[in-house]
Amino acid sequence: MKIAVLFGGTSSERDVSVASGAQVVQALRARGHEVVAVDTATGVLGKPDEERLLTSEVAIVPPGQESLDMMQTGDASALTRAPELAGVEVIFLALHGGSGEDGTLQALLDIADVPYTGSGRLASGIAMDKDIAKRLLRAAGVPTPDWLMAPAAIDDVEHRLGIPVVVKPSKQGSTVGLTLVKSREQYAPAVEEAFRHDDEVMIEAFIAGRELTVYILGDEVLPVGEIILDREIFDYEAKYQPGRAEEIFPADLTPAETREVQELAMRAYHALKLSGHARVDFRMDAAGTFYCLEANTSPGMTANSLLPRGARAAGIEFPELCERICLLALEEHGRRRRV
């Protein structure tokens, strides 16, 4: 197949997306596919630019807004008109955050009638908006931590959620702008920091316990993973810097616990109208209750990401995983056209 891999972009998760794109491009080429590498901030990459960009690593902190603003381009629809994309059969979206994951780009590709990986425009937007997503999870019977939306007075937060709480942008990923607030004094600066990354901020009850993740590939639920942390939250540094966290697949759960969290993950997947592939994250408290934190429609695919490790635990090596994601995209595109 001729496949275009879209990555980079201008969201705070740009570095992660570039690292994901590098892995996907290499994996699909290893399966014998013709691959075009496209940075949505700058366009189709020539060989020198591809070698330079796709060998970079994820920095310890996300890129600053000033550097991202300098990459902004005017006409996103130019992506579908680039001559290098002629004959492309499917687009692999390795974009994280921003317009590449919130349904904006998906809507453009729907108009252009181009198959693409992951969820459609509506589901992508729903999953990205944590407030809307949590409301749908609750309606579907999937436990999720209590929350408030800013502005919220610290007295109300302490009364309704307790302290500590997690303060985070409502429409960001990779824990960008997230703070674990352990005291009243930390609350206002945390809200201010979150507002730097989004126009809506969520204050969420902190669930102490085990960090678990479930990856769904089509209709298949892959083995549950557990993240062993050297800190209280799975933050940006822990996710993308080697040695900051240990991932165990499969997680050390009883068969009954494994079935329960996998069933909750699939229920969340359907409640949010997801398709193709997604990662659903949970916390398990001391009483054994699972709380869904969020669903990620474009999971990280860097060398240190959870997705490849979860797939490998199911006997699926990374190049095959990338190819299967593309095949699922073609199936979903055909289904949408028949509706």
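# Loops, a pocket and the overall fold

User: Aspartate 113 is found in the loop between H4 and H5. What relative accessible area does aspartate 113 have?

Analyst: This is a predicted model, in which local features need pLDDT of at least 70 and side-chain atom pairs count only at pLDDT 80 or more, while totals for chains, interfaces and linings use all residues. Residues are numbered from 1 along each chain as its sequence is written, and side-chain values use heavy atoms, leaving out hydrogens and water. A residue is buried under 20% relative accessible area, exposed over 50%, and partly exposed in between, with a 1.4 Å probe and protein chains only. Aspartate 113 therefore counts as partly exposed, since its relative accessible area is 36%.

User: What is the phi of lysine 273, and is lysine 273 buried or exposed?

Analyst: Most residues other than glycine have a negative phi. Lysine 273, in the loop between H10 and strand E13 (277-284), instead has a positive phi near 60°. With a relative accessibility of 55%, lysine 273 counts as exposed.

User: What is omega for the cis bond between isoleucine 163 and proline 164?

Analyst: Proline 164 lies in the loop between H7 and strand E6 (165-169). The peptide bond that joins isoleucine 163 to proline 164 is cis, and its omega is about 15°.

User: Glycine 98 and serine 11 are 87 residues apart in sequence. How far apart in space are they, C-alpha to C-alpha?

Analyst: Glycine 98 belongs to the loop between strand E4 (90-93) and helix H4 (104-112). Not counting residues up to four places away in sequence, glycine 98 touches Ser11 and Met128, where contact means heavy atoms within 4.5 Å. From C-alpha to C-alpha, the distance between glycine 98 and serine 11 is 5.0 Å.

User: Which residue makes a side-chain polar contact of 3.0 Å with histidine 197?

Analyst: Histidine 197 is placed in the loop between helix H8 (184-195) and strand E8 (201-205). A polar contact is a pair of N or O atoms within 3.5 Å; within protein, one must be able to donate a hydrogen and the other to accept it, and residues adjacent in sequence count only if both atoms are side-chain atoms. The side chain that joins histidine 197 in this way is that of glutamate 193.

User: Which helix gives the largest share of the lining of the second largest pocket?

Analyst: On a 1 Å grid over the protein atoms alone, a pocket is an open set of points with protein on both sides within 12 Å along at least five of seven lines, and lining residues have an atom within 4 Å of a point. The second largest pocket is lined by 18 residues, with Leu274, Ser275, Glu332, Arg335 and Arg336 nearest its centre. Helix H5 (121-128), helix H10 (255-271) and helix H12 (318-338) are the elements that each give two or more residues to this lining. The largest share, 5 residues, comes from H12.

User: How many helices and strands does the protein have?

Analyst: The protein has 339 residues, of which 55% are buried. Its secondary structure comes to 12 helices and 14 strands.

Key: 1 Å grid on protein atoms, 1.4 Å probe; cavity = no way out; pocket = protein on both sides within 12 Å on 5 of 7 lines; lining within 4 Å. Helix = DSSP H or I, 4+ residues; strand = E, 2+ residues; numbered from the N terminus.
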